[in-house]
Structures are given as C-alpha cells and as structure tokens.
Amino acid sequence: MPLKEVLVVGFGGVGAIYSLIAKRSGLARVTAVARSNYDAVNQTGMHFKSTKYGDIPKWKPDRLCKSVESAADTPYDYVILTTKALPDIVKTPTILAPLLTSPYIDKYPQPAYVILQNGLNVEVDLYQAIKALAQGEPKIIGTSLYIGTNLLAPDVVEHNGFDRPTLGVYRHNNYTASANSPEETAILEGIASILAKGGSTVSVVPEIQRKKFSKNFWNVAFSSLATLTGYTLPSVFRPPPSDSSVKYEPYVATKTAHLINEFTIPTLKAVMEELVTLARALGFPDSDDGLPSSTVDSIINNTASIHVSPESTHVPSMLLDARKGQPIEVEVILGEVVRMAKERNVHVPRIETLYGLLLVVQNQIIRSMESVSQGESLTGKR
C-alpha cells in the first residue's frame, strides 16, 4: 500500500505531536510547515519529552518547509491544520492560499483537510473557499481534540501522554447526525487509521459539531473567567493550605469564600446553561449522543475536582496567550456562539458580556502588536 501524503501546517506543540504520530504510523509521508520555529527545528530537529512516546531528540519529519507556498509542490491526501483559529487576524484560506490558487489547483486535486483547532465554525471560511473553486464538494474533517502538550522552546515539545481526537465530516449548516457516505467513510477511516496506528486514541462520529459544541462549554466559561481576572482556576475552587509547610497560590481566601460560592460559581453555571439553550435550538437532543443537560454540572464538578488540588498548575491557553501578548481565540470560542444565538433568536446575555469584555483584551493585544510592528519597520528590524 503506498504511503499517504500528509501535510501538517503549524509546528507548535499540537502540530509537532501529530507530525510525530503520523510518521510513527508507518502509513504516511509527512511534510511539516514550521513558520516561526523553522530555523531552530531545521538546525537541531524537534526534541519531544513525552510520557507516552518517550524522550526523542533531534526528530524531523520527512520534509520540513518554511511556508505553505514552498510545500505546495506536490499533491497531498491530507492537510492537517494546527494553527490557532484567529479569523479576526488572518483567515484560514489566507494561510492555505497556495493550496487554493494556481498553479496548485491546476495541477493537483484538492486534499482532505483536517482542522485541529479550538472553537466553533472554524471550517466555514475554508469550506466556502474550496466551494468557490468548483472542484466538487469540499472534503473537510472537523475535530474535537483533547491534548496535553506545550512548546517549551522553539525546538522542544512537552507532552503529558494525552492525545484524543474525535473526527467527523464537516457538513455546512447541517447539525443532524446521519450516516456517512462511502466516500466520507473512506476519508475518515484513512486519517483515523494513520493517527490510531501512530498511537493516538481516535474516535469517529457521524456528526462532529455537537462534540465541538460540548467541548466549547469549558472554554466559554472557564477560559473567559481566567483571562478576564488574570487568575487560574484554583482561585475559584482551591481552599487555603491546611498545612503551613505547604505553599501554593492562588486559593480562595476564607473571608469572602461565601461570595465565590454565592455568585461566581452560579454565574459560571448560568453561562453554560445559556449554551444548553442554544444547543437545543441547534437540534442537539438531551441525550448521550446529543448534548445532555447534565453537561453543566459535570463540567463544574470535574473542573472543581482538578483545581482543588495543591498540585494544580494548569494555565488555560487563552490566559497564557493574553499573558504573552498573543492574540486570543475570542471569535471562535465566544463570537461564534453569540452570532449563532442571534441567528436563532436565543438570548445569551452573559456570554455576550464575556465576549464584549474579551474584545477589549483582544483589541489591546492587536494594538500592541501593531506598535511593535511599526517600530521594527522604522528601525529596519525583521
């Protein structure tokens, strides 16, 4: 059986791990596009520190490219997109433009695109761009991904052993679960077999949007809270140290802990209840294969059980981006919820408030980036 040609766009923590997984499968030839960290990886390779895949220094894919343009010289079976979803900064068709324009589209058929990104409706812009090519129905696989990885340095990836993608065919404006066609099944099974053989825990579902919607609950509530307050989640759940020899922060100060319980936690629940109401308007049933009403309490309880621990050090990625002065995924996590709700006359006032406040955070990050860019232009830096 010939190897599948796989292009991974983005070589941060997620892109690097899935390049490794695809290569480990023995079923794929992997080309990776590393943009900001190309020089470091090209020189020394990527060093993986994974509890699952081991300590792997100096690793490289079959081919490493500095841009999508330089990689657009051969046909691909699958293109895996792992960049952050930032449509207010740059849209997906712009990132993938060399694959969506001449001479590529004149020489090669369109590949299947696997969108490994957070948020909702991240597939829409790409779907419309491919549809406009008039080369048949776009082949796009949506995903809901749970992964524990972090880029410690441009050429060092830490991985806690957790990588579980759920895959499903993206169907534009269609949220009903239906059987996959033979062509859809072949496309899904092709990439699922590569990822599974490479070591990832893979699930395939007939309708992916409800899985993505369910995962978005946590980000809407908890990523927003952390980013707007500047504190990680133990600030809501963790009691003060009971032993003077144990030191950690943040924790809930005893003096006003009752107010956190009276107002903060119920507000988080109310935010997620708005998401449940929208889910029903989208047609997701109150069932295990839809979106059960118990989702809200489950998320609250599971999150609390993790962040009461003295060992809790997790920083939500949105807060981490804000701390670094990097754009946050506000549009695909919250903005899309607000727009979907408006289209269906569903009121989500709490989510609209979070969205409005986070837009200020995003705006100031963009302002700072523009100031730095203008300064570098004036001084001749590149």
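Predicted model: local features only at pLDDT ≥ 70, side-chain atom pairs only at ≥ 80, totals over all residues.
Pro250 lies in the loop between helix 10 (234-237) and helix 11 (257-282). The points below cover backbone geometry, annotated domains, a strand trio, a pocket and salt bridges.

**Backbone geometry**

- A cis peptide bond also runs from Ser102 to Pro103, with omega near 5°.
- Pro103 sits in the loop between helix 5 (97-100) and helix 6 (104-107).
- Ala134 has phi near 55°, a positive value in a residue other than glycine.
- The loop between helix 7 and strand 8 holds Ala134. Its relative accessible area is 67%, so Ala134 is exposed.
- Asn173 has phi near 55°, again a positive value in a residue that is not glycine.
- Asn173 is in the loop between strand 9 (156-169) and helix 8 (182-197). With a relative accessible area of 59%, Asn173 is exposed.

**Annotated domains**

- An unreviewed UniProt entry carries the annotation "domain: Ketopantoate reductase N-terminal" over residues 6-170.
- The chain over residues 6-170 is 26% helix and 36% strand. The C-alpha atoms at the ends of this range are 19 Å apart.
- The UniProt annotation "domain: Ketopantoate reductase C-terminal", also from an unreviewed entry, covers residues 261-359.
- Residues 261-359 are 69% helix and 0% strand. Here the end C-alpha atoms are 27 Å apart.

- Strand 7 spans residues 112-115, and both of its faces are covered.
- Ala112 and Val114 are buried on one side of strand 7. Tyr113 and Ile115 are buried on the other.
- In a regular strand, side chains alternate between the two faces of the sheet.
- Strand 6 (residues 78-81) runs parallel to strand 7, and four bridges join the two. Val79 stands opposite Tyr113 of strand 7.
- Strand 8 (residues 140-153) also runs parallel to strand 7, joined to it by three bridges. Ile115 stands opposite Gly142 of strand 8.

**The second largest pocket**

- The volume of the second largest pocket is about 430 Å³.
- Its lining counts 28 residues. Leu120, Asn121, Val124, Asp125 and Glu336 lie nearest the centre of the pocket.
- Two or more lining residues come from each of helix 4 (92-95), helix 7 (124-131) and helix 14 (330-343).
- Helix 14 gives the most to this lining, with six residues.
- By residue class, the lining holds twelve nonpolar, six polar and ten charged residues.

**Salt bridges**

- The model has 18 salt bridges.
- Lys66 lies in the loop between strand 5 (63-65) and helix 3 (68-71), and Asp39 in helix 2 (residues 38-44), so the bridge ties together parts 27 residues apart in sequence.
- Lys66 is partly exposed, at 47% relative accessible area. Asp39 is exposed, at 51%.
- Glu123 forms a salt bridge with Lys212, and their closest N and O atoms are 3.6 Å apart. Glu123 is in the loop between strand 7 and helix 7, while Lys212 is in helix 9 (residues 209-229), so this pair ties together parts 89 residues apart in sequence.
- Glu123 is buried, at 0% relative accessibility. Lys212 is buried too, at 4%.
- Arg210 forms a salt bridge with Glu207, with 2.8 Å between the closest N and O atoms.
- Arg210 counts as buried at 7% relative accessibility. Glu207 is buried as well, with a relative accessible area of 4%.
- Glu331, Glu336 and Arg339 belong to one network, joined by salt bridges that share partners. Glu336 is also one of the residues nearest the centre of the second largest pocket.

Note on methods
Residues numbered from 1 in each chain as written. Heavy atoms only, no water. 1 Å grid on protein atoms, 1.4 Å probe; cavity = no way out; pocket = protein on both sides within 12 Å on 5 of 7 lines; lining within 4 Å. Points joined across faces, edges and corners; volume = space filled by probe spheres on them. Nonpolar A, V, L, I, M, F, W, Y, C, P; charged D, E, K, R; others polar. UniProt positions renumbered as here; feature names shortened; annotations may be inferred. Buried < 20%, exposed > 50% of the residue type's maximum accessible area, 1.4 Å probe, protein only. Pairing = 2+ DSSP bridges. Salt bridge = Lys/Arg side-chain N within 4 Å of Asp/Glu carboxyl O.
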